[in-house]
There are 2 protein chains.
Amino acid sequence: MPVNRRFKLVRRPVGDPLPDDFDLVEEPLGDTPAGSFIVRNHFASLDPAQRGWMDDAPSYMPPIPLGDPVRATTVGVVHASGNPSFAPGQWVMGLNALEDYSLVAPGGFTSPIDVSQVDNPSRFLSALGAVGLTAYFGLLDTAKPVAGETLLVSGAAGAVGSMVGQLGKIVGCRTIGIAGGADKCRRLTEKYGFDVAIDYKGKSVDALAAEIAAAAPGGADIVFENVGGTVLDAELMNLAINARIVLCGLISEYNSVSKVGARNLWQVLVKRATVHGFLIADYVDRFAEGGAAMAQWLGEGRLRIDEDIQHGLEDAYPAFMRLFSGANTGKLILKIA
Amino acid sequence: MPVNRRFKLVRRPVGDPLPDDFDLVEEPLGDTPAGSFIVRNHFASLDPAQRGWMDDAPSYMPPIPLGDPVRATTVGVVHASGNPSFAPGQWVMGLNALEDYSLVAPGGFTSPIDVSQVDNPSRFLSALGAVGLTAYFGLLDTAKPVAGETLLVSGAAGAVGSMVGQLGKIVGCRTIGIAGGADKCRRLTEKYGFDVAIDYKGKSVDALAAEIAAAAPGGADIVFENVGGTVLDAELMNLAINARIVLCGLISEYNSVSKVGARNLWQVLVKRATVHGFLIADYVDRFAEGGAAMAQWLGEGRLRIDEDIQHGLEDAYPAFMRLFSGANTGKLILKIA
């Protein structure tokens, strides 16, 4: 009987998660009830959204119950099955948890995947996963970019941001990326094709706003927001009339006990801008459409996606914290097996 | 030769405007160049937007130059004319200033009005003016309310807010108004037909959010925002999925040196809400359409508009400050002549 290591949430974090908020527990792997199946997790996605699920606050998903393993999208192989639609050996992807084995009850959100399309099953957690499809639907369906428009992306070196920038170039936008540090900024222009890279580190809102203004004298037609806080404040000072802001993430705010907020929200009024709250979960029934487009661009070499693969459930905590320290260098993924 | 008293901006306010930021200057009335005409101002609109124009900051209009009279929409009568389209005695409305007489250069934004439609020419600064049309287009065109939806209005006892609430009832919404103090809240339900009135005064964000939640257990489908700051923070905790937020004003923030911001902006993401920055200036070419609808509802007794008419250019400063103290009891108007 295999042992199931499970990375559990045992205390709700206040601000930055601490090691003691979690516990790696070994449990015997149980039976497989009829209709259910067990997935051997190979890769798990580490995402800012997980931090939100750790709070006891209203969200689009219930909070992770204390004592449960941390919810995560995983890619793995069916290990044992009481469900005729999922034979052992089948690769699947679904909303499971940071653990060796996940029990998928009937009706759970888990689908078969065809790993022969890609060089590594981990791609289903990056370009063909929620991250890639967030960029795809968030930019193309929500903001509806038009060739020649100026696209401003925060968190531009991140997994979503780097793909948003590349998709922006594919549709003919001028792309300006904001990231933290010289290394990330170099990657923006050299690897992801951004026209301009702006380093936000160590800059006041006014200084950052001035730098954006120099890069986009007519303002940004589209802002793809992953960061929030003072970066958003600086962006808001640089909106074109009728700008569209896709609110995809606010990572700088998630661990803040006292939030910065959007202090320049009045610019949304002044510029008659529109802010669109975006959640990829609303697009589940269009994943095939988006995945096909992303797979094609990936195959044509028009899209590149970096993965930052960390190893081992025993290092789930430091791996997860790379999201917030800015250490990750691509879509953060935990290799479990 | 008449004397022209002009209420000039002589120093840019920091936070709350102070008496010394202004100066009431008497100047001789000049000639009327060909193509121009002079308006004897009878009524002037006092609006939060004027506070924004006093700052040296990017906005939809240039800042009021220091030494110029404070820009204002006025209703008056043509006093002298070098423009064949504007005969002396004609009632007009336009973007002029807080002064006895305004010189309107060719191409200025001033139009003839038919005061026989209304009981008092001041109506062109309330129900048939920017205020009434802001409610009309901001609610009906931007948020597109559907019968049965829940409409949450901040600044609900104010000029715009009280009309938004009444228009919401006309189209079949359930209306919840937020205002400051028991008197205003009584007006919301007794005069403007709000289904629920909530007093924000003396309440924390959490307490106010809980009170909104009790009144709107399913969340607000539409938020019509006039206030911003902590009131907006509480509203954001009570959005229905796919809520529409019309960002019409942020009066609590205009005089703040350190702005509160929208600290619960993440709820826009979680609830896939949309925030629409709204400016009535974008609807100038549809004013006739909106004015006709408002005049009809006004005539049928389905809309009531309160005007808070203050008297005399010499009291322009205390009159203007009623906007920010919450003392005004309707659309604030300065009677000049």
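## A tour of the two chains

Start by selecting helix 6 of chain B, residues 229–236: this helix is mostly covered, with 7 of its 8 residues buried (20 or more other C-beta atoms, placed from the backbone, within 10 Å of the residue's own; helices are DSSP runs of H or I with at least four residues, strands runs of E with at least two, numbered from the N terminus). Show the side chains of the buried set: B:Gly229, B:Val231, B:Leu232, B:Asp233, B:Ala234, B:Glu235 and B:Leu236.

A word on what is loaded: this is a predicted model, in which local features need pLDDT of at least 70, side-chain atom pairs count only at pLDDT 80 or more, and totals for chains, interfaces and linings use all residues. Residues are numbered from 1 along each chain as its sequence is written, while chains are lettered from A and ligands numbered from 1 in the order in which they are written.

Next, select the contact between the chains, with 26 residues from chain A and 26 residues from chain B (C-beta atoms, placed from the backbone, within 7 Å). On the chain A side, helix 8 (266–270) and strand 13 (274–277) each supply at least two residues.

Now zoom in on strand 13 in both chains. The two strands run antiparallel and are joined by 3 bridges (pairing takes at least two DSSP bridges). Pick A:His276, and you will find B:Thr274 opposite, in strand 13 of chain B.

Finally, zoom out and superpose chain A on chain B: a rotation of 180° with 0.0 Å of shift along its axis does this, with RMSD 0.0 Å (least squares on C-alpha atoms of residues with pLDDT of at least 70 in both copies). The two copies are therefore related as by a two-fold rotation axis. Of the interface residues of chain A, 100% are also interface residues in chain B, so the copies meet through the same surface.

Note on methods. Contact = placed C-beta atoms within 7 Å. Buried ≥ 20, exposed ≤ 12 C-beta atoms within 10 Å, placed from the backbone.
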